Every structure is written in C-alpha cells, then in structure tokens.
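Keep the chain in view as you read.

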Amino acid sequence: MTAAIYLARFHLRVAVVDAGQSRASLIPLTRNQAGFPHGISGNDLLARMREQARLYDADLREGCIESIERDGEGFIALMDGAVFAARAVLLGTGVVNRRPAMLDEAAHQEALSDGRLRYCPICDGYEVTDRRIAVLGTGERGCDEALFLRGFTADITLIAPEGGHELDHGHYGRLRDAGIKVVGSCRRITLADDAIVLQVNGDQLSFDSLYPALGSVVCSELAAPLGAAMSEAGCLKVDTHQRTNVPGLYAAGDVVLGLDQISHAMGGGGVAATTIRNDLAEKAPLRR
C-alpha cells in the first residue's frame, strides 16, 4: 500500500491486487506504530492507506494473482480470468504464521482479539510486562523467543509443541540462567475466563498470554517460476533498492528477509516504489 501511494503520486498507473489476508488485519491494536500514540487497529490502518491510495487514482482490486509470466521486458499477471500487463511487478506477499494446531479457528480469533494469543513480542512485548507468559516452541527459535520476552517479564514458561523439546545443553543453560521454566509437550489449549490454559503432561497451566514460536511460511511461490533467488526459507533476496535478480521484479515487506514490522514494510515499499520509478525512467523519460 505504501508503494501504491508513492507510485500513484509519481503519476504512474498502478494496480494493487489484494487477497485480503494481510497479517496487519489480524492486529487488534498496535501501539508500536509511530504517529498513533494511543494505538491503531490493523484494519483501521489498512483502511486509511487504501483511502489514501485511491485519492491518487491507484487501482485497488480484491483477488489473488494466480501466476506471473514474462512478456518481453514486462510481465503478464493472471487473476480469475483477468490479465494485467505491467512493466514492473512488486511482490508484497508476506508470510503466514504457523498456528498452534490445538486451537480451533473460533478460539484462535477470540484469543488473538483480546491479547491472550500473541505472535510478535517486538510489537507487543510491552503489553505483557510482568505478566504470566507461555512460549510454545522449542529449539533455537523457542529458546530465543523466550529469552527475548524475558526483557518484559520474569514469569515465562517454555512449552514444547507435540513431539517434545529439541534443546541442547547450551539452550538449557541459557534458559536456566534467565530463570525461564521449561516443561513438556502441550496436549491441548483452551480459553478460560481471562486466561489461556495449556494442558501439559496432565497438568493445566494457566497464563495471561501465549506466544507461539512455530515459525512461518513465506509466500514467495509467484516468484519461483520467474527464477527469483531465494533463501533456504523461501525469502526473496533483494538488493538495497528492493530489486530481485529478475529485471523488473521487486519485493518488499515480510516476503523479504528482515524485521517483520509494519514500519519496516512501509520503508521497503517506499524504497521499492522510488526504485521502480527511476528504473522505468532509465528506459524511457517520464514527463508530463
């Protein structure tokens, strides 16, 4: 959306195709976004950005791009029978969080909306200051997330997902030094009153918030057939101006390796849009 605003204000024709699955839409209230001292919901932020893009005649479409193909020096993108011809393509397709399998969709949405389930300690660690926190995960990812949260509260328990812990002596030593409790595998997750309850080895453990540290799936499948370079995890590799190795193909946001934050995505979108404008101007002057 940031890139669309920039590109439209550069007097370029821009179409945004949105499948409606932005992780921002899942944020009940972010207090980490600069300029909103009392916080703003993800949906409100998206609505404001859509309104702003439309002010400058950006073409916003609901749908999902099925494929992108090369067409000479440009691209053809296909969506539900519609065809988009473009000189440049920016992918902002992001990632999808891996959710706890023990929590059904209705309970997941309820817990997410009231803060009993949280996915980003960078975004909202402040909100769990001195609260009882569970981290669902293991290995390096689970250990690192628990240690990061230790900067906000002393009451942290690391709980393994089904299958048990995969921690070495070094992990156990770091967790022990930080005063983080380590317990067995989670069998069930339920909501009760103002708490989230995890069943672990027959015990019912109650917490104020749960942070799943289960990783995410990178949504970079549209770029693969074009030959875009990726990391082992599937993140698109870009240069300092958000260019992939495919001429005319750019990427920004969480689909690129970096800090998964709204501010970081906005910055990448602004850089990508400016680079697109300048790269196009090198091929043919952009004049009024």
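Predicted model: local features only at pLDDT ≥ 70, side-chain atom pairs only at ≥ 80, totals over all residues.

Residues are numbered from 1 along each chain as its sequence is written, and side-chain values use heavy atoms, without hydrogens and water.

Begin with strand 13, residues 209–212. Strands (E, at least two residues) and helices (H or I, at least four) are DSSP runs, numbered from the N terminus. Strand 13 is covered on both faces. Ser209 and Tyr211 are buried on one side, Leu210 and Pro212 on the other. Buried means under 20% relative accessible area, exposed over 50%, and partly exposed in between (1.4 Å probe, protein chains only). Strand 8, residues 133–136, runs parallel to strand 13, and four bridges join them. Two strands pair if DSSP finds at least two bridges between them.

Now go to helix 4, residues 121–124, which holds Ile122. Ile122 is partly exposed, because its relative accessible area is 39%.

Finish in the loop between strand 1 (15–18) and helix 2 (42–55), where Thr30 sits. Is Thr30 buried or exposed? Thr30 is buried, because its relative accessible area is 9%. Leaving out residues up to four places away in sequence, Thr30 touches Gly39 and Ile40. Contact here means heavy atoms within 4.5 Å. A polar atom of the Thr30 side chain also lies 3.2 Å from the backbone nitrogen of Asn32.

Terms used. Polar contact = N/O pair within 3.5 Å; in protein donor to acceptor, adjacent residues only side chain to side chain.
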